[in-house]
Amino acid sequence: MKTINILFSSIFFMALASCTQLEKEGLIESESAVTAFKVKAENLDELKNFDWETVKEIFKENDEDQEITLEFEFVNNAPTVTSKKRLDNFTFKLTGKTSHIDDMTSKLKRMVDKIADVEVEEMAIPIKD
């Protein structure tokens, strides 16, 4: 009887150990990717002086064919002035592949620069009473 208990216990522990090994072999590793990046600013200088290399760093681990979205939002919380011109809230978004990140960031930087230049021109216009 003692031999049967030892034999049964041995078989039980061997079966348990083999099941555990099978479960570990069945693990699936999955990769993750950053697919979107959004910046929200209340000051155009924040967007104009943004570190564009940071954006490239965020997406560097992505597959080259991964679709990504870059979005920049400006929220004008300044009090309303009496002038006829005011740069209000806007959002611009680009979607493309990770392999095109240099072109995408370059386009966004040019857009921000143009909008910042327009704001400077509008501020330079004297307001008549």
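In this predicted model, E53 counts as partly exposed because its relative accessibility is 48%. Its side chain meets that of K56 in a salt bridge, with 3.3 Å from N to O. Both residues belong to helix α3, where they sit three residues apart, about one turn of the helix. K56 is also partly exposed, since its relative accessibility is 24%.

K56 has a salt bridge with D102 as well, and here the closest N and O atoms are 3.1 Å apart. D102 is in helix α4 and K56 in helix α3, so this pair ties together parts that are 46 residues apart in sequence. At 46% relative accessibility, D102 counts as partly exposed.

How many salt bridges does the structure hold? There are six. Side chains of opposite charge can pair when their charged atoms come close. Three of these pairs are listed here.

| Salt bridge | N to O distance |
|---|---|
| E53 and K56 | 3.3 Å |
| D102 and K56 | 3.1 Å |
| K60 and E57 | 3.3 Å |

K60 has a relative accessible area of 52%, so K60 is exposed.

Leaving aside neighbours within four places in sequence, E71 is in contact with F37, K38, V39, T91, F92 and K93.

In soluble globular proteins, nonpolar side chains tend to be buried together. The largest nonpolar core here has 20 residues, and F37, L47, F50, V55, F59, L70 and F72 touch the most other members. At least two residues of this core come from each of β1 (36–41), α2 (44–48), α3 (52–58), β2 (67–74), β3 and α4. Not counting residues up to four places away in sequence, V55 touches F37, F50, L70, I101 and T105.

T98 lies in the loop between β3 (90–97) and α4 (101–124). Its relative accessibility is 8%, so T98 counts as buried. Apart from residues up to four places away in sequence, T98 touches F59, N62, D63, E64, Q66 and I68.

V118 is part of helix α4. Its relative accessibility is 39%, and V118 therefore counts as partly exposed. The C-alpha atoms of V118 and L87 are separated by 8.7 Å, while the two residues are 31 residues apart along the chain.

How values were computed
Residues are numbered from 1 along each chain as its sequence is written. This is a predicted model: local features need pLDDT of at least 70, side-chain atom pairs count only at pLDDT 80 or more; totals for chains, interfaces and linings use all residues. Side-chain values use heavy atoms; hydrogens and water are left out. Helices (H or I, at least four residues) and strands (E, at least two) are DSSP runs, numbered from the N terminus. Buried means under 20% relative accessible area, exposed over 50%, partly exposed in between (1.4 Å probe, protein chains only). Contact means heavy atoms within 4.5 Å. A nonpolar core is a set of buried Ala, Val, Leu, Ile, Met, Phe, Trp, Tyr and Cys residues joined through side-chain atoms within 4.5 Å. A salt bridge is a side-chain nitrogen of Lys or Arg within 4 Å of a carboxyl oxygen of Asp or Glu.
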